[in-house]
Amino acid sequence: MAFCLTKAKKLIYNHLKSKMGSLGIINHGNWTHPVSFSHPIPQNLKKPDTFFTNNTTLFASRRFESIIAGKHLDSLRNVFDEIEVLNFPGGKVKFTSEMKFLSESPEERIHCYRVLDDNGQPTVHSNSVQIGEEVAVKMYNDMVTLQLMDSIFYEAQRQGRISFYLTTIGEEAINIASAAALNIDDLIFPQYREAGVLLWRGFSLQEFANQCFGNRDDNGKGRQMPIHYGSKKHNYFTVASTVATQISHAVGAAYALKMDGRDACTVTYFGDGGTSTGDFHAALNFAAVMEAPVIFFCRNNGWAISTPVSDQFRSDGIVVRGQAYGVRSIRVDGNDALAIFSAIQAARRMAIGESRPVLIEALTYRAGHHSTSDDSTKYRPVHEIEWWRVARDPVSRFKKWIESNGWWSDEAEFELRSSVRKQLLHAIQVAEKVEKPAIAEIFTDVYDVPPANLCEQETLLRETIKRHPQDYPSHFQFPL
Ligand SMILES: Cc1ncc(C[n+]2csc(CCOP(=O)(O)OP(=O)(O)O)c2C)c(N)n1
């Protein structure tokens, strides 16, 4: 008896794959091989002893087994085991006779997509989107503006002029390149380290300053801490510091966009710390099941305040979690503006065109302190911070690329920096002088009819200010 197991196995699989009619294994004397047959069975073929039906249920006949008795039987059973499937909700599952646990980690970590190397030179064979001079120069302008805004507002906080600040240092490419690849109709659900997205969309430096100073011209009427920006006009939902709450909001809004048949998606940003919340997991699962057009953008910057990622999870970062929830995912170099631009543009196309969520994990580093309330040198080595700040700076990398294209010069750099610096100082001076919002505003805009406890609090505040006017700034005096 000549039994060619490999050949038989291969043919069986090919037949199953092509889903053509029924599959039979017929016995031709001493040579066994599979054939497919459709109904009715051709006259010249004997009905096979062993066959698979369309739903691949296997009937192994005794006669067939006896023909290939002995050592070949076990091998054959393995073949059958492998191709026998359980028709389970969600898809067919193959059986195996091998007891094998899934490994807790892949042999190799998921690769990181990049277009530019650390010297700003395109890597060979990169399949990035082409960006023209105008967009590239605006991207660079905004990255520099974001850097300068961070350094000047940070100093203003140190001088006691504003109460709090938080920078995006090291994450400028994530901010600007992702924003550049989106459409203004796409709704943004930010964490708090994405001011650059708003900058790209046209929020003015004066508006940033008004919010940080909490003055009368601030959209939020001074009711939020500095950097909690929000702008209806720019489709940028107001920052909420409660980590990760924005992720599920983005999924709900994406589902609404889909129901309305809009040509837009939602994008939510969050840090690695945000993925350690239940909200993240619920949001990913919900989005996958409801097929919501949302882009989950994780800025994996290595730290959640003083907690390193090694104390947060044992998975290969965040990207692998997408697959666990049935969400298409990619890992990108978060300090490479071109890689981010390309990945976001592709993700947007998939989210809207195929009505599905997409997860992007951008590998980066929080090169500044968490906020003005933090000193990160207390929990991480200074040389590590410096290496990321200098060797992996996303802004200078992008600058090298536009320079090598002949789109940028030293003069342009000088002019940009001095002009933006002037505008920022001016914005701060103006914002500082604008009156604070009326104190009565504290109690407005939430309830149509304020509840009794809120009215009580307002009365109490009025009485306290009247009794101790010296303890309150002049703009807190009544009538309010
Ligand atoms: C629900 C909740 N838990 C804890 C905090 C305190 N907190 C503020 S920021 C932060 C770290 C978040 O880290 P990550 O999400 O990685 O973002 P990053 O600051 O690194 O950009 C924490 C724990 C909070 N604001 N909200």
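Mentor: Start with Asp217, which sits in the loop between helix H7 (205-213) and helix H8 (245-259). Keep in mind that this is a predicted model.

Trainee: Is Asp217 buried, partly exposed or exposed?
Mentor: Buried means under 20% relative accessible area, and exposed means over 50%. Asp217 has 43% relative accessibility, so the class is partly exposed.

Trainee: Which residues does Asp217 touch, not counting residues up to four places away in sequence?
Mentor: Contact means heavy atoms within 4.5 Å. With the sequence neighbours set aside, Asp217 touches Asn210 and Val434.

Trainee: How many Å separate the C-alpha atoms of Asp217 and Gln457?
Mentor: Along the chain, Asp217 and Gln457 are 240 residues apart.

Trainee: Which side chain makes a polar contact with the side chain of His234?
Mentor: His234 is also placed in the loop between H7 and H8. Its relative accessible area is 3%, so His234 counts as buried. Beyond four places in sequence, its contacts include Leu198, Phe203 and Glu207. The side-chain polar contact, at 2.7 Å, is with Ser231.

Trainee: What is the C-alpha to C-alpha distance between Leu148 and Val420?
Mentor: Leu148 is in helix H4 (residues 133-158). Val420 is among the residues in contact with Leu148, together with Arg417, Arg421 and Leu424. Leu148 and Val420 are 272 residues apart in sequence, but the C-alpha distance is 7.5 Å.

Trainee: Why does Leu148 count as buried?
Mentor: The class is set by relative accessible area, and buried means under 20%. Leu148 counts as buried because its relative accessibility is 4%.

Trainee: What share of the contacts between residues at least 6 apart in sequence join residues at least 24 apart?
Mentor: The chain has 480 residues, and 44% of them count as buried. Its secondary structure comes to 15 helices and 13 strands. For the contacts you ask about, the share is 69%.

Trainee: Where is Thr364, and which residue does its side chain meet in a polar contact?
Mentor: Thr364 lies in the loop between strand E13 (358-363) and helix H12 (382-391). Its relative accessible area is 5%, so Thr364 is buried. Outside its sequence neighbours, Thr364 is in contact with residues including Gly170, Glu171, Asn300 and Trp388. The polar contact between side chains is 2.7 Å, and the partner is Asn335.

Trainee: Which residue in E6 is the bridge partner of Asn87?
Mentor: Strand E5 (residues 85-88) pairs with strand E6 (residues 91-94) in the antiparallel sense, over four bridges. One of the residues involved is Asn87, and its bridge partner is Lys92.

Trainee: What is the phi of Gly90 in the turn?
Mentor: E5 and E6 form a hairpin, with two residues between them. Gly90 is in that turn, and its phi is positive, at about 100 degrees.

Trainee: What is the phi of Glu291, a residue that is not a glycine?
Mentor: Glu291 lies in the loop between helix H9 (278-290) and strand E9 (294-300). At 45% relative accessibility, Glu291 is partly exposed. Its phi is positive, at about 50 degrees.

Trainee: Where is Ile305, and what is its phi?
Mentor: Ile305 is in the loop between strand E10 (303-304) and strand E11 (307-308). It counts as partly exposed, at 42% relative accessibility. Ile305 is not a glycine, yet its phi is positive, near 50 degrees.

Trainee: How many charged residues are in the shell around the ligand?
Mentor: There are 16 residues around the ligand, and Tyr192, Arg193, Ser241, Gly273 and Trp303 come nearest. By class, the shell has five nonpolar and eight polar residues; the charged ones number three.

Trainee: What percentage of the ligand's exposed area does the protein bury?
Mentor: A polar side-chain atom of Tyr192 lies 2.6 Å from an oxygen atom of the ligand. For Trp303, a backbone N or O atom lies 2.8 Å from a ligand oxygen, and for Gly274 a polar backbone atom is at 3.0 Å from one. Taken alone, the ligand exposes 590 Å², and the protein buries 69% of that.

Terms used. Residues numbered from 1 in each chain as written. Predicted model: local features only at pLDDT ≥ 70, side-chain atom pairs only at ≥ 80, totals over all residues. Heavy atoms only, no water. Pairing = 2+ DSSP bridges. Near = heavy atom within 4 Å. Polar contact = N/O pair within 3.5 Å; in protein donor to acceptor, adjacent residues only side chain to side chain. Areas by Shrake-Rupley, 256 points an atom, 1.4 Å probe, with all protein chains shown as cover. Nonpolar A, V, L, I, M, F, W, Y, C, P; charged D, E, K, R; others polar. Buried < 20%, exposed > 50% of the residue type's maximum accessible area, 1.4 Å probe, protein only.
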